[in-house]
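Thanks for coming. I will go through one structure this morning, starting inside it and working out to the annotated sites.

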Amino acid sequence: MRKIIIAGNWKMHKTQAEALEFLQIFKSKLEDTDDSREIVLCAPFTSLSIMSQILHGGQVRLGAQNIHWEKLGAYTGEISGSMLTELGVHYVIVGHSERRQYFSETDETANLRLLSAQRSGLTPILCVGESKSQRDAGETESVIINQIKRGMVDVDQNNIVIAYEPIWAIGTGATCEASEANRVVGLIRQQLNNKDVPIQYGGSVKADNIDELMQESEIDGVLVGGASLDPAGFARIANFK
Ligand SMILES: O=C(CO)COP(=O)(O)O
């Protein structure tokens, strides 16, 4: 059975104090589930240590938002795999469209980061997705297939999560129709040798569309931005029926 992964991507939000406040409320609202459902919080680097001490061994796992491909070295502003694993981090987001747009991430650098994450024992979450103009030009399928093929060279398909995040649906309130998200997720699955790779949907996921999205057969979870910042709201998403 494929694992369900409900992940929050806090992006550049929350100080340590705010992260602690979030956890207090979030944990009180989270319902117990069986092992098939995993809850992940991808927090800024500055909050990972303190969050790890609180979440230690529990139902909620920690994720980071970036990893460098070298073990160490003169890479100002970057972070290594061992720095993350030492803090109890399990997941790391790679190739997010915001990294591609603002920080020159490419399929090739995303690939290096994926390999580095796996070498460190982390599970990478590879983000792929088309822009509005690419969708309008009928290029969705080719863009996604290229991102998967180029991004996943030599990657171990037994230790990866993929997130389909159409750029036009991120932070816009314009959720991709559940059936269309399911279609593209199915297309991604066709490109993989391991059909059990968990594939998430991301882009304006909220408490009021989570149940519909999770009813789709191909969608194995969600990667949530804005709506993961509110503890009660994100607990409702994590508690989907
Ligand atoms: O980018 C996202 C998650 O990585 C999605 O962001 P929103 O949920 O705010 O649209």
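Strand S1, residues 4-9, is largely enclosed by the rest of the structure, because five of its six residues are buried. Buried means that 20 or more other C-beta atoms lie within 10 Å of the residue's own; exposed means 12 or fewer, partly exposed is in between, and C-beta atoms are placed from the backbone. Strands and helices here are DSSP runs, E of at least two residues for strands and H or I of at least four for helices, numbered from the N terminus.

Two remarks on the source. This is a predicted model, in which local features need pLDDT of at least 70 and side-chain atom pairs count only at pLDDT 80 or more, while totals for chains, interfaces and linings use all residues. Residues are numbered from 1 along each chain as its sequence is written.

Back to S1. Which strands does S1 pair with? One is S2, residues 37-42, which runs parallel to S1 and is joined to it by six bridges. The other is S8, residues 221-224, also parallel, with four bridges. Pairing requires that DSSP finds at least two bridges between the strands. With helix H1, residues 16-29, S1 and S2 form a right-handed β-α-β unit. Right-handed means that, with the strands pointing away from the viewer, the path from the first strand over the helix to the second runs clockwise.

Now the annotated positions. UniProt, in an unreviewed entry, gives "binding site" at Asn9, Trp10, Lys11, Gly171, Ser204, Gly225 and Gly226. These positions are spread over 218 residues of sequence, yet they cluster in space, with a largest C-alpha distance of 14.0 Å. UniProt positions are in the numbering used here, feature names are shortened, and annotations may be inferred rather than shown by experiment.

Take two of them. Trp10 sits in the loop between S1 and H1, and counts as buried because it has 22 C-beta neighbours inside 10 Å. Leaving aside neighbours within four places in sequence, Trp10 is in contact with Cys42, Ala43, Pro44, Ser228 and Leu229; contact means C-beta atoms, placed from the backbone, within 7 Å.

Is Ser204 buried or partly exposed? Ser204 counts as partly exposed, because it has 19 C-beta neighbours inside 10 Å. Its place is the loop between strand S7 (199-202) and helix H9 (210-214). Not counting residues up to four places away in sequence, Ser204 touches Ala169, Thr172, Gly173, Ala174 and Thr175.

Last, the "active site" annotation, again from the unreviewed UniProt entry: His96 and Glu165. They are spread over 70 residues of sequence but cluster in space, the largest C-alpha distance being 8.4 Å. His96 lies in the loop between strand S4 (91-94) and helix H4 (97-102), and Glu165 in the loop between strand S6 (161-164) and helix H8 (178-191). His96 is buried because it has 28 C-beta neighbours inside 10 Å. Glu165 is buried too, with 27 other C-beta atoms within 10 Å. Leaving aside neighbours within four places in sequence, Glu165 has contacts that include Ser97, Cys127, Gly202 and Leu223.

Key:
Contact = placed C-beta atoms within 7 Å.
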